[in-house]
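Student: I have a structure to go through. Can we take it question by question?

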Amino acid sequence: MLQIGDEVTLYSVVFVLVLLGTRSPVWTTVVTASLYLFLVMFRFPQVPASRARQVLRPARGAAGTGGVSVVAHRGGGHDAPENTIAAIREASKNGAGGVELDLEFSSDGVPILMHDETVDQTTNGSGPLSQMSFSELRKLDAAAKHQLREKFAGEKVPTLEEAVEECIKLQLTIYFDVKGHPDEMRQSDPEVVTALTHRPWSLSRFGDGAPRFSSLWKHYWTTLLDMALDWAHHHVLWKLCGVSAFLIQKNFVSPDYVQYWAQRGVEVVSWTVNTAVEKQYYQELLQVNYITDSLLEDCDPHY
C-alpha cells in the first residue's frame, strides 16, 4: 500500500505547486482532489503477495541464504546468443531461476525475441526489424555476431511462443521487457506480475555517468526532467501501475533502498550484475534478485 508519508508528500507538493500557479485555494483543492480520485479509480492493485513471491522467488535457481533468484539477461547474452532458444537452454543448464527476454514484432505482426530496432547487432542481416517479415527473419543466423558463433552457428530468431514453451519446459520464470510497446499488460491479465524499470539520471547521462549533451542548457533541463521522473517513479507510477517489483540499475541499490520498497510490498531486482564480487553482495548482504549477462564468469559492465 502507499505509505502515509508518500501520500502527504505527493498531495502536498501538488497543492503547493497549483497554489503558487493559480493563487486560488478553491482551484488548488479541486485539482488535488481530482488527482486523488484519478489514482483511486484508475490504478491497478498489486497482485497478492503470495502470487508475487511465487514468481519472483522460485525455488529453482535460488542462490544465497535469502532464496535469491538469478535472472539471465536476454537469456544470458554473454554465454550464448542473446534472445535465442540456445540462450534459454544454457541459462537453465547454468542454474538460472529466470530469464529476461525482449519482445518485438516482425513487419507481419509475429511476436519474436529481439532487443534492437535493427537486426544488425546480433545477426548476419541488416536493416530495420519493423520492415522485415517473419519469414525473412527466420533465414538469419542469430549467432553471427556472438563470441561463440561457431558453437551456436545457425541459431534462429525465435517466436514468442517457442520461447515461452521452452521456459515452461525448463521451469524458468520469464521477465519480459516490453518497453517498446505502450499497451499495459495488466489490462489483458490482472494476475500478471509487473515491474517498473528505472535508471536514475538516464535522460541527462549515459550509463557510465558521462553527460549526454555538451550544451549546458540541455544538460540542466534534462537533469530537471530526471529529477521529476525519479520522483514520479518512487511516489506515483509504482502505485498507479500496481507493480510487485522495481528493477533498478545496480549502482543505486543499498540496504536502505531495499527496505524502502519492502515497506511498500515491492521487491527490488538489480541489473546488470556482472562480477563475482557484485553477485556475492546481492546474494549474501542485500538478498535481492539480480539480472546478469553471465552465470559462468565475470564480463563487461552493461548499463
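**Helix, rings and pockets**

Tutor: Start with a bend: helix α7, residues 216-241, bends by about 55° at histidine 233. Keep in mind that this is a predicted model.

Student: Is His233 of α7 buried or exposed?

Tutor: The buried residues of α7 include Ala232, His234 and His235. The bend of α7 is placed at histidine 233. That residue is on the buried list too, so His233, with under 20% relative accessible area, counts as buried.

Student: Which residue follows α7, and what is its phi?

Tutor: Helix α7 covers residues 216-241. The residue that follows α7 is a glycine with a positive phi. It is glycine 242, with phi near 65°.

Student: How many aromatic pairs does a search of the whole structure find?

Tutor: Rings pair if their centres lie within 6.5 Å. With that cut-off, the search of the whole structure gives 5.

Student: Why is the pair of tyrosine 260 and tryptophan 261 edge-to-face?

Tutor: The ring centres of tyrosine 260 and tryptophan 261 are 5.2 Å apart. Planes over 60 degrees apart count as edge-to-face. The planes of tyrosine 260 and tryptophan 261 meet that cut-off, because they stand at 90°.

Student: Of tyrosine 260 and tryptophan 261, which is buried?

Tutor: Buried means under 20% relative accessible area. Tyrosine 260 has 22%, so it counts as partly exposed. Tryptophan 261 has 0%, so the buried residue is tryptophan 261.

Student: What kind of aromatic pair do tyrosine 281 and tyrosine 282 form?

Tutor: The ring centres of tyrosine 281 and tyrosine 282 are 5.3 Å apart, with 75° between the planes. Tyrosine 281 is partly exposed at 31%, whereas tyrosine 282 is buried at 3%. Their pair is edge-to-face.

Student: Which residue lies over the face of tyrosine 260?

Tutor: Ring pairs link Tyr260 into a cluster with Trp238, Phe246, Tyr257 and Trp261. Trp238 is also one of the buried residues of α7. Over the face of tyrosine 260, at 3.7 Å from the ring centre, lies arginine 264.

Student: Which element gives the most to the lining of the largest pocket?

Tutor: The largest pocket has a volume of about 1,500 Å³. Among the 42 lining residues, the closest to its centre are Phe176, Asp177, Val178, Ala195 and Thr197. Elements giving two or more residues to the lining are α3, β3, β5, β6 and β7. The most, 5 residues, comes from β5.

Student: How many residues in the lining of the largest pocket are charged?

Tutor: The lining of the largest pocket has 20 nonpolar residues. Its polar residues number 11. The charged count is 11.

Student: Which residue is the charged one in the lining of the largest cavity?

Tutor: The largest cavity has a volume of about 60 Å³. Its lining has 5 nonpolar, 4 polar and 1 charged residues. Asp, Glu, Lys and Arg count as charged. The lining includes Asn83, Thr84, Leu113 and His115, and its charged residue is Glu82.

Conventions. Residues are numbered from 1 along each chain as its sequence is written. This is a predicted model: local features need pLDDT of at least 70, side-chain atom pairs count only at pLDDT 80 or more; totals for chains, interfaces and linings use all residues. Side-chain values use heavy atoms; hydrogens and water are left out. Rings of Phe, Tyr and Trp (its six-membered ring) pair if their centres lie within 6.5 Å; planes under 30 degrees apart count as stacked, over 60 as edge-to-face and the rest as tilted. Buried means under 20% relative accessible area, exposed over 50%, partly exposed in between (1.4 Å probe, protein chains only). A charge sits over a ring if NZ of Lys or CZ of Arg is within 6 Å of the ring centre and within 35 degrees of the ring normal. On a 1 Å grid over the protein atoms alone, a cavity is a set of points where a 1.4 Å probe fits but cannot get out, and a pocket is an open set with protein on both sides within 12 Å along at least five of seven lines; lining residues have an atom within 4 Å of a point. Grid points are joined across faces, edges and corners, and a volume is the space filled by probe spheres set on the points. Helices (H or I, at least four residues) and strands (E, at least two) are DSSP runs, numbered from the N terminus. The bend at a residue is the angle between axes fitted to the seven residues ending there and the seven starting there.
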